[in-house]
Amino acid sequence: MGIGDLLVVGALGVGAYYYLTKKSSANTGVIDVYGETETDIQQAINSTKAERIINVHGNYNINSSILLPSDTTLMIDGKLVASNDITGPIIKNGDSNNGNKNITITGGEIDGNNVNVSGCNQGDNRCTSILMEATPGKKNENIKVQGTYLHNGKVRAIQYINCFNSLINACTFK
């Protein structure tokens, strides 16, 4: 990356930051994130309005769900680990009431940490590492999870509810 390619450096927290490295309009961008928690990732996601590509580098402790809006690609170059305090999925779509479209999660490792969510059972969506859901009558479209290693989940690694034209490809489950 040349200095002319760097558009924004944003401070996220103590020792955490992100780079907005490419931008074709005011609402699109490729963002490289270097941090420690889901808050760092979520702030970077929220810093761009649409058509975002988020490159997450390093290992992150996830205390609450990362919410992915429509038109988001989350590229994981490292590991997302559920904390013992998490009460929902590690990653979920941002609008479960109306649904989302064009969300891709690719690469990296997602460790459910065998978290014992209180009251967690087979039918409980909180016990899922990646949850993409829309209420009945609404839908998610073009959802992809590819090339990701998922392990130590409490109940499910990935769950799609009311998802159409969606794909799980080349993932490893343990």
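E141 and K139 form a salt bridge, with their closest N and O atoms 4.0 Å apart; the term means a side-chain nitrogen of Lys or Arg within 4 Å of a carboxyl oxygen of Asp or Glu. Before going on: this is a predicted model, where local features need pLDDT of at least 70, side-chain atom pairs count only at pLDDT 80 or more, and totals for chains, interfaces and linings use all residues. Residues are numbered from 1 along each chain as its sequence is written, and side-chain values use heavy atoms, with hydrogens and water left out.

Back to that pair. E141 is partly exposed at 27% relative accessibility, and K139 is partly exposed at 40%. Here buried means under 20% relative accessible area, exposed over 50%, and partly exposed in between, with a 1.4 Å probe and protein chains only. K139 also lies over the face of F164, 5.6 Å from the ring centre; the rule asks for NZ of Lys or CZ of Arg within 6 Å of the ring centre and within 35 degrees of the ring normal.

How many salt bridges are there by this rule? The count is three. Another one joins K92 and E133, at 3.7 Å between the closest N and O atoms. K92 is in strand β7 and E133 in strand β10, residues 128-133, so this pair ties together parts 41 residues apart in sequence. Strands are DSSP runs of E, at least two residues, numbered from the N terminus. Both K92 and E133 are buried.

Last, the cysteines. C163 is buried at 19% relative accessibility, and C171 is buried at 16%. A search of the whole structure finds zero disulfides, meaning pairs of cysteine sulfur atoms within 2.5 Å.

Note on methods
Helix = DSSP H or I, 4+ residues; strand = E, 2+ residues; numbered from the N terminus.
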